[in-house]
Amino acid sequence: MQDDADAVAAPFETRPESTRGLPRIADIARLSGVSTATVDRVLNHRPGVRPATVQRVMKAAAELDYIPESDLGAALGPKPVRLAFLLPDGTNRYLTRLGQLIRQSEATLAPLGIRAQVEFIKSFNPDLLARSLLQHWRKVDGVAFMALEHPAVREAVNELAARNVPTVTLISDVQNCRRAAYVGLDNRAAGRTAGYLFARFLGGRAGKVAMIAGSLSYRAHEDRELGFLNVLKEMAPAIEVVGLREAHDDEAKSYRQTRTLLSHHPDLAGIYTIGGGAEGVARALKEARREREVVFIGHGFTPETRALLIDGTMEAVITQDPRSALMSCAAVFANLRAGREAMHGVEPPRIEVIFRENLPPAAPP
């Protein structure tokens, strides 16, 4: 009859039965008071064993010198917190960069006991976002996501909270639900900042300014619009806002929207992109040879918007550091695991305004 020890596979090497004086799985089973099959599952990290039983088996194995003390410490230590980041799919370069940082974050997040993954889902679809949230409750210990303002999304957040899976909204918030925290800018203030810059660049003179948003389904974009309009009304009432267009953060749509704006308003003085798609706006301005005439301000500092600042197509970029956003999310989940308030020690992100004259060093490729 085959000995139970023969069933044990790596990473723990089985002791041959013929070697006298060395412990076997049967010895570990007797000392821990469980079956040899349970010992086999524990030593090979198979599911189906209660945490208390795992601790008993691992302690018995260490006492019998079957495994080194270092393996015991690793086995009994807390498991990494599994986080999922859900970001909108598309051509938004800032979000693409954030996704790359998350994929490369293993070494950065390991000291916090966190392991992160990122998934891109179809943009501006609240039902799909809600389904994606609900599909993760068995897979992860927490979810960070860029929220859409919609009842289905709020219900999904509440359902995850009921299942003890905390959620953190990132960049754009959703209110009146049980999300644990929001990590992002004060977007009303960000919009006011953009309005202030336009008032200063245009010198308070009369002129037309257009807005291109990703989608007002994002509270962030809605708040930026309100802040922008309020400041222009206060500081530069002579500036006429000629309308708000949604381009869904898509470069091709932003390009077409800008060409239409330039055709309908030959005297256009400025364009404010509330979301992504700056490259499409810039291409239309350059084709029309208006890049030196139209004041262009947008959001999200990326290698592409950096280049537009350098060549003078953009006047300013309003942004938040994506690395800081990632680490703030990680700190929130570490706080929740430790039983602290979600935002304990987490500083709210600062609004950064980047001009050609204060460009930070280029990020490594």
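These legends describe close-up views of a predicted model. Local features need pLDDT of at least 70, side-chain atom pairs count only at pLDDT 80 or more, and totals for chains, interfaces and linings use all residues of this predicted model. Residues are numbered from 1 along each chain as its sequence is written, and side-chain values use heavy atoms, with hydrogens and water left out.

Strands (E, at least two residues) and helices (H or I, at least four) are DSSP runs, numbered from the N terminus. Two strands pair if DSSP finds at least two bridges between them. Contact means heavy atoms within 4.5 Å.

**View B. The largest nonpolar core.**
This core holds 48 residues. A nonpolar core is a set of buried Ala, Val, Leu, Ile, Met, Phe, Trp, Tyr and Cys residues joined through side-chain atoms within 4.5 Å. Buried means under 20% relative accessible area, exposed over 50%, and partly exposed in between (1.4 Å probe, protein chains only). F85, L129, L133, F145, V168 and L170 touch the most other members. Helix 14 (residues 322-338) gives the largest share, 7 residues. Another core, of 20 residues, lies apart from it; among its members are A190, L202, L232 and A269. Which residues does L170 touch, not counting residues up to four places away in sequence? They are F85, L87, L98, F145, M146, A147, V183, A325 and C329.

**View C. Strand 10 between two partners.**
Strand 9 (residues 295-299) and strand 10 (residues 316-319) run parallel. They are joined by 3 bridges. Strand 11 (residues 352-354) pairs with strand 10 in the antiparallel sense, over 3 bridges. I318 is the bridge partner of H299 and stands opposite V353 in strand 11. In a regular strand the side chains alternate between the two faces of the sheet. In strand 10, A316 and I318 point one way, V317 and T319 the other, and all are buried. Strand 9, helix 13 (residues 303-310) and strand 10 make a right-handed β-α-β unit. Right-handed means that, with the strands pointing away from the viewer, the path from the first strand over the helix to the second runs clockwise.

**View D. Aromatic pairs.**
The count comes to 4 aromatic pairs. Rings of Phe, Tyr and Trp (its six-membered ring) pair if their centres lie within 6.5 Å; planes under 30 degrees apart count as stacked, over 60 as edge-to-face and the rest as tilted. F124 and Y218 form an edge-to-face pair, 5.4 Å centre to centre, with 65° between the planes. F124 lies in the loop between strand 2 and helix 7 (126-135), and Y218 in the loop between strand 6 (207-213) and helix 10 (219-235), so the pair ties together parts 94 residues apart in sequence. F124 is buried at 19% relative accessible area, and Y218 is buried at 2%. The ring centres of F198 and F228 are 5.6 Å apart and their planes stand at 85°, so this pair is edge-to-face. F198 sits in helix 9 (residues 187-201) and F228 in helix 10, 30 residues apart. F198 has a relative accessible area of 0%, and F228 has 0%. F198, F228 and Y272 form one aromatic cluster.

Is A130 buried or exposed? At 7% relative accessibility, A130 counts as buried. A130 belongs to helix 7. Leaving out residues up to four places away in sequence, A130 touches A152, V153 and A156. A130 and V153 are 23 residues apart in sequence and 4.8 Å apart, C-alpha to C-alpha. H150 is in the loop between strand 3 (142-145) and helix 8 (151-162). H150 is partly exposed, at 26% relative accessible area. The C-alpha atoms of H150 and L129 are separated by 10.0 Å.
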